[in-house]
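Welcome! Have a look at the model first.

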Amino acid sequence: MSGVLVERRPLRAPEVGGRERPPLHVVLRDYLELSKSRIVLMVLITTAAGFLFAAKHVDPLLLLHALIGTALVAAGTNALNQYVERDRDAKMHRTRTRPLPAGRMTPRAALVFSAAIAVLGTLYLGILVNWLTAALGAFTLTSYIFVYTPLKRVSTICTLIGAIPGAIPPLMGWTAATNALSLGGWIAFGILFLWQLPHFMAISWMYRDDYARGGFAMLSVRDENGAAVARQAILYTLALIAVSVLPSLFAMTGLVYLIGAVAAGIALLAAAIRFSFDRSPRNARSLFMVSNLYLLTVMLLLVINARP
């Protein structure tokens, strides 16, 4: 063997346009972050709950198609939202490391990706589920991007308006199973619509300084001491408890659901009242966490205690 030492240079990813191409796992992670994968997971939970609440006989393949199509539409909606708000995200501490404001992804790549999966998801739902569910998915995307997103900059009513597309997923699950807009689906829609309001009041109070930096017209930004934020959290929670008992009143669920939904509602109300007395970040986070547990509990009870 030769005694000459040969320098070995570390292997690097090929360069594109003068910059190193990031590893595949980093690219995939950025696209998942662009799509807000955790929010997509919550969307799928509520969609599945709506489907299983409605279905007299569960078709696993139909449910799978509904979830795949809904996931694509939801991911596309979230990604388009980040594309539109990339400049504002760059101003906020909690969002400035996202792929677009951090410069890890180009706006063009984000737009192409988000538009492509949103259109694909809508067509997927129409062809493999039904066109009613596809239309609801399209309505969710367009109302979120073209109504709610610009409204966030000008009026505090944006939270109420944004809760409409946010409440569509369980209704999509219902229509996927029944191909009809009927009472049970609208009740599931109402539960999720009202749930979002105390949930988001907690989020908006936790990040009110960031929302102010981003130029968003949230109630928490304009409510200096948080009294109005807390009051709305309590009032919407009371409305949520009232709507949540409707499945049992209309004989769609049994006693187990009724007891569980009321108990979960009381726990959420207690967290909202505690937040109203002490509007600390800790109590806001507690309200946020309890609201998550509330939703999971009620969706599960809708499924396991549903009556055909």
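## Exercises on helices and a pocket

The model is predicted, so local features need pLDDT of at least 70 and side-chain atom pairs pLDDT 80 or more, while totals for chains, interfaces and linings use all residues. Residues are numbered from 1 along each chain as its sequence is written, and side-chain values use heavy atoms, without hydrogens and water.

**Exercise 1.** Work out how H8 is oriented relative to H9.

*Solution.* Start with the helices, which are DSSP runs of H or I with at least four residues, numbered from the N terminus. Next, take the angle: H8 and H9 pack at about 160 degrees, with axes 7 Å apart. Axes here are lines fitted to C-alpha atoms over the stretch in contact, and angles run from 0 to 180 degrees between N-to-C directions. H8 is therefore roughly antiparallel to H9, a term for angles over 145 degrees. Finally, look at who touches whom (contact means heavy atoms within 4.5 Å): Ile168, Pro169, Pro170, Leu171 and Trp174 in H8 meet Gly184, Gly185, Trp186, Ala188, Phe189 and Leu192 in H9. This contact has 9 nonpolar, 2 polar and no charged residues. Nonpolar covers Ala, Val, Leu, Ile, Met, Phe, Trp, Tyr, Cys and Pro; charged covers Asp, Glu, Lys and Arg; the others, Gly among them, are polar.

**Exercise 2.** Describe how H9 meets H12.

*Solution.* First, the axes of H9 and H12 (residues 227-244) come within 9 Å and cross at roughly 160 degrees. The two helices are therefore roughly antiparallel. Second, their crossing is left-handed. Third, the H9 side of the contact includes Ile187, Trp195 and Trp205, and the H12 side includes Val229, Tyr236 and Val243. By class, this contact holds 14 nonpolar, 4 polar and no charged residues.

**Exercise 3.** Find which residues are closest to the centre of the largest pocket.

*Solution.* Begin with its volume, about 1,600 Å³. A pocket is an open set of points on a 1 Å grid where a 1.4 Å probe fits, with protein on both sides within 12 Å along at least five of seven lines; lining residues have an atom within 4 Å of a point. Of the 50 lining residues, Lys36, Arg38, Ile39, His199 and Ile203 are closest to the centre. Elements giving two or more residues to the lining include H1 (24-35), H2 (37-54) and H9 (183-206). To finish, sort the lining by class: 25 nonpolar, 16 polar and 9 charged.

Technical notes
Grid points are joined across faces, edges and corners, and a volume is the space filled by probe spheres set on the points. Angles under 35 degrees count as roughly parallel, over 145 as roughly antiparallel, 65 to 115 as roughly perpendicular and the rest as oblique. A crossing is left-handed if the near helix is turned anticlockwise from the far one by less than a right angle, and right-handed if clockwise.
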